[in-house]
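Hi everyone, thanks for coming. Let me put the structure up on the screen, and then we can walk through it together.

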Amino acid sequence: MALIRLFFIAFVVLSIVYLSLSLYSRARARARLEGEWDESDKTMPRDAFVREGLQDYDGSLRRKLIWGVYIVPMALVCLTIYLVNFA
């Protein structure tokens with residue numbers, strides 16, 4: 001029962017961290033795209049340029065690496081539990 005409670009609390013905390021990190025990363029990508037638009041020749045509207053850039057960001061490796069917030073800590077906890085009990 002304690003293990004289930006540990007995983008539940010860890011999931012909640014990691015979800016908050018994931019959401020914060022995801023929103024921060026998306027805001028930085030938006031700011032970078034707006035800066036690029038300001039420096040470019042402005043062939044397309046700003047909103048369209050930013051929207052297109054954020055669609056590219058949604059499929060990027062950086063966005064997928066944020067999932068490591070869940071994977072790495074949970075894997076380390078499972079490894080620690082295994083090593084303490086069976087090694």
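Let's begin with helix 2, on the face turned away from its buried side: the exposed residues there are Arg51, Gln55 and Asp56. Exposed here means over 50% relative accessible area, buried means under 20%, and partly exposed is in between, using a 1.4 Å probe and protein chains only. Helices are DSSP runs of H or I with at least four residues, strands are E runs of at least two, and both are numbered from the N terminus.

Before going further, a word on where this comes from. This is a predicted model, where local features need pLDDT of at least 70, side-chain atom pairs count only at pLDDT 80 or more, and totals for chains, interfaces and linings use all residues. Residues are numbered from 1 along each chain as its sequence is written, and side-chain values use heavy atoms, with hydrogens and water left out.

How confident is the predictor? On pLDDT, its confidence in each residue from 0 to 100, the protein chain has a mean of 92, and 100% of its residues reach 70 or more. Helix 1 has the highest confidence, at a mean of 94, and helix 3 the lowest, at 89.

Back to helix 2. Which of its residues are buried? They are Val50, Gly53, Leu54 and Tyr57. Looking down the axis of helix 2, you would find these buried residues within an arc of 100 degrees, so they line one face of the helix; that arc is taken from the directions from the helix axis to the C-beta atoms. They pack against helix 1 and helix 3, the latter being residues 61-65. Contact, by the way, means heavy atoms within 4.5 Å. One example is Ala29, which touches Leu54 and Tyr57 once its neighbours within four places in sequence are set aside.

That brings us to the largest nonpolar core, which has 11 residues, including Leu14, Ala29, Leu54 and Met74. A nonpolar core is a set of buried Ala, Val, Leu, Ile, Met, Phe, Trp, Tyr and Cys residues joined through side-chain atoms within 4.5 Å. Helix 1, helix 2 and helix 4 (68-86) each give two or more residues to this core, and helix 1 supplies the largest share, with 4.

Now for the charged pairs. How many salt bridges does a search of the whole structure find? The search finds 4, where a salt bridge is a side-chain nitrogen of Lys or Arg within 4 Å of a carboxyl oxygen of Asp or Glu. In one of them, Arg26 meets Asp58 at 2.6 Å, N to O. Arg26 sits in helix 1 (residues 2-39) and Asp58 in helix 2 (residues 46-58), so the pair ties together parts that are 32 residues apart in sequence. Arg26 is partly exposed at 28% relative accessible area, and Asp58 is partly exposed at 37%.

Another salt bridge joins Arg46 to Glu34, with the closest N and O atoms 3.7 Å apart. Since Arg46 is in helix 2 and Glu34 in helix 1, this pair links parts 12 residues apart in sequence. Arg46 also meets Asp38 in a salt bridge, at 3.7 Å from N to O. Through shared partners, Glu34, Asp38 and Arg46 are joined into one network.

Terms used: pLDDT is the predictor's confidence in each residue, from 0 to 100.
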